[in-house]
Amino acid sequence: MKKASRLSVVLLLTVVIVHSYAQSDSAAQGIYRASAEKINNLVHTKLEARFDYEKSYMYGKVWITLEPHFYSTDSLTLDAKGMEIKAVGLVKGTVTAPLKYRYDGQQIQVKLNKSYKRGEQYKIYIDYVAKPDEMAKGGSAAINDNKGLYFINPRGEEKDKPTQIWTQGETESTSVWCPTIDKPNQKSTQEFFLVVPSKYVTLSNGKLLQQQKNADGTRTDYWKMDLPHAPYLFFMGVGDFAVVREMYKGKEVSYYVEKEYAGVAKKIFGNTPEMISFFERITGVNYPWIKYSQMVGRDFVSGAMENTTATLHKEDAQQDSRQLLDGNAWESTIAHELFHHWFGDYVTAESWSNLTVNESFANLSQVLWNEYKYGKDAGDAENYEDMRQYLGSPEEAKKNLVRFYYKEREDMFDLVSYNKGGRILNMLRNFLGEEAFYKGLNLYLTSNKFKTGEAHQLRLALEEVSGKDLNWFFNQWYFGSGHPKLDIRYSYDEAGKTVAVHVKQTQEGAAFILPVAIDVYQGNAKLRHNVWIKSKDQTFTFSAAARPDLVNFDGDKILLAEKHETGRSLAEYIHLYKVAGNYVDRREAITACAGMQDSLPAVELLKTALRDKYHGLRILAVQSLDFKKEIVKQLMETTIFEVAKGDQKPTVRAEALMALSLYDKPIYRELVQRSVNDSSYSVAGAALLALNEADKAQAYTEAKKLSALTVKGKLGGAICNVFAGNARQEDLAYVLDWYDALPFGESKLENANAIAYYAIQLTETASVKKAVDALVKMREEIPAAYRQNLLPYINQVLLKTIATQKTALKNVASNPEDIQAQIEYINSKIQ
């Protein structure tokens, strides 16, 4: 499962706020989370499902084939949450005999007709009604109180929102709509018969074998899954979708999108066949399932979910052609969910404590795909960003990657299981070498196919292939917490002709064992020294006939660590950029030179970086420029103009346009004005904001024109920011409608500032309340996984700031009573 969104900017901005309000839950440390005991094993699940759109009910009949795991048993416990149970029986041939059972709203305790032995199968029948919207909330809930089965706009009451049904099983919510043993260490084949209105299409696991029209205007779709998979991966999707199909090695690859996106479906998902081929090649395991479909669902409670052969994405995946000009923002997520079909679906985490063998691999796949498809810089950028997010969340450092103590299952879906775990695997790839690493993964997958796995099995597979002992690695990275914090100091001894690298580990606790490459450069010549750090304070000394032009610790920039380096000169940073030259080297050099812009060589390096081969670093270079320094402004002017006018990446042009707004020249104003109508939303949005800096009246005129069109992405945000700056009553409805339509994610959080600013400027109480209500509604949309981080930001920063500003205005306003009423309303909404 891919988390709802990265939210990197906002989360990093609010980390200090969070620490002021967060409380540790020591009780969680006292609960040992054992793997689920296997008394009975699922074998096969046959389901008949009918949907009541008026009540948001599902009328289900299920036949479950089981067998004792090892010991004989005369009873069965099935998870079945919030259901109405009508009948429970034992099926023998054509006869179904009633069975005695107890039901407590969460589980069905069934008394079998006899004691069954290992290898002796039996079949249970249950007639029931699933009532997901009436299910009592509380307890272990997935993202945003996961109710398993979601009816989206079932009665068609919401304008411009399609009617859909979709399910979300992870962690243990399939049992809201299908009685089962809802644990990740169970696996079952399945047959689903879905009865739906004929106007809708369906999607489920496996292959669609038959469709039958019914006399009542419905249709029964028969989906069959011949290979076993975990219950949390069971899926049903229903709606008015366009289905775009292609083939890969004789298997269907299909994309279920809203009809307006049918024309761009292949632009969004079209790399999927190539991804399958790439993942087959590196794992040595052919895609094991009968088909691969991807559906986009409205109001999805996570980012995406790897239901076997039927991945579900949130609506952010749907991008129009103008958005796609800026790059497919969803491509890494597409890779992530697909790779789960090896790591997660084919071999499944034995327990939630071992979630790393699912999610860390899926996270790594984003690096692997970007590196393969777009080059090493793209893969390194993906790796760096995920590392930065983890390192920017100090609370995460307290957690083990594999952990048997946690409060809720969903607590495992964090930056440790995803980002940290992905970086750990990337270090393993580097340490073992790609051939050994991938052969080890192949052994892990083939040895545990259609079964479960855990970190120990991964270690054993990698050890068997490589011949190396990896206990030291797994003990500190998988079964330990934290990461190295390194102080690195460089020095050169002229007399002894030696270079020294002093490394001190400053984190609490034991030293990490770290294999590290240290590169010593004389001009363009590199001499690599592979060393092992094994203590908290260690110095490495190497011969060097002359003072090196650069000493580069962690030459491959692979370590998951906080690094503080001293003793490096500006000349060495310039050498780092020009000669060492991988993505992180160049990024570190740009960042260092950004802090030295009184030095002409540093400014020249930043000017060079404006033409860097990787677009992300070109953007960083623009963002790093200090235009308050006249020398910087003069030296960069021509290059900034050229980049704004002609860079091949719209996102780079957009950043340069914002910088160009600082130059008050007609030729630049003309480019900005023209770019407001650029086909790229990023360029058009940046141009509108740049125009707003130079001429607010003209920017408002352009924003009014653009608001009559269909706009998304950065342009929509720019229009709302211009409107917010003018704070006209007439534009409020547009801004709030646009904001409400945004799915929850980083864009919605970023634009919350515009809503807050609008609320401060407005004078009419009813309008202020509407703006505040928009922020409160957004607050309620925050997924459970992000609530601890983001609620303080919404309550104590945004809402409190509005109230504070209103208090200041009250003393000089002509309507102090109205403003007091606004303040009281805002304060009533602060949690």
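**Exercise 1. Name the residues that ring pairs link into a cluster, and describe one pair among them.**

Solution. Rings of Phe, Tyr and Trp (its six-membered ring) are paired if their centres lie within 6.5 Å; planes under 30 degrees apart count as stacked, over 60 as edge-to-face and the rest as tilted. Under that rule, a cluster is formed by Phe278, Phe279, Tyr287, Tyr292, Phe339, Trp342, Phe343, Phe361, Trp369, Tyr372 and Tyr444. The model is predicted: local features need pLDDT of at least 70, side-chain atom pairs count only at pLDDT 80 or more, and totals for chains, interfaces and linings use all residues. Residues are numbered from 1 along each chain as its sequence is written, and side-chain values use heavy atoms, with hydrogens and water left out.

Next, take one pair. The ring centres of phenylalanine 278 and phenylalanine 279 are 5.5 Å apart with planes at 45°, so this pair is tilted. Finally, check burial, where buried means under 20% relative accessible area, exposed over 50%, and partly exposed in between (1.4 Å probe, protein chains only). Phenylalanine 278 is buried at 5%, and phenylalanine 279 is buried at 0%.

**Exercise 2. State how many aromatic pairs there are, and classify the pair of phenylalanine 193 and tyrosine 222.**

Solution. The count comes to 49 aromatic pairs. Phenylalanine 193 and tyrosine 222 are stacked, with 4.4 Å from centre to centre and 5° between the planes. To place them, note that helices (H or I, at least four residues) and strands (E, at least two) are DSSP runs, numbered from the N terminus. Phenylalanine 193 belongs to strand S11 (residues 188–197) and tyrosine 222 to strand S14 (residues 218–229), so the pair ties together parts 29 residues apart in sequence. Tyrosine 222 counts as buried, at 14% relative accessibility.

**Exercise 3. Describe how helix H7 meets helix H13.**

Solution. Begin with the axes, which are lines fitted to C-alpha atoms, for helices over the stretch in contact; angles run from 0 to 180 degrees between N-to-C directions. The axes of H7 (residues 376–391) and H13 (residues 583–594) come within 9 Å and cross at roughly 65°. Contact means heavy atoms within 4.5 Å. On the H7 side the residues are Asp377, Asp380, Ala381 and Tyr384, and they meet Tyr583, Val584, Arg586 and Arg587 of H13.

**Exercise 4. Find where alanine 544 lies and which residues it contacts.**

Solution. Alanine 544 sits in the loop between strand S27 (537–543) and strand S28 (550–553). Its relative accessible area is 5%, and it is buried. Setting aside neighbours within four places in sequence, alanine 544 is in contact with Tyr492, Lys497, Thr498, Val499 and Gln522. From alanine 544 to threonine 498 the C-alpha distance is 5.1 Å, although they are 46 residues apart in sequence.

**Exercise 5. Locate the backbone features at threonine 171, asparagine 153 and alanine 727.**

Solution. First, glutamate 170 and threonine 171 are joined by a cis peptide bond with omega of about 10°; threonine 171 is in the loop between strand S10 (164–167) and S11. Second, asparagine 153 is not a glycine, yet its phi is positive, about 45°. Asparagine 153 lies in the loop between strand S9 (149–152) and S10 and counts as buried at 5% relative accessibility. Third, alanine 727 has a positive phi near 55°, and its place is in the loop between H21 and H22.
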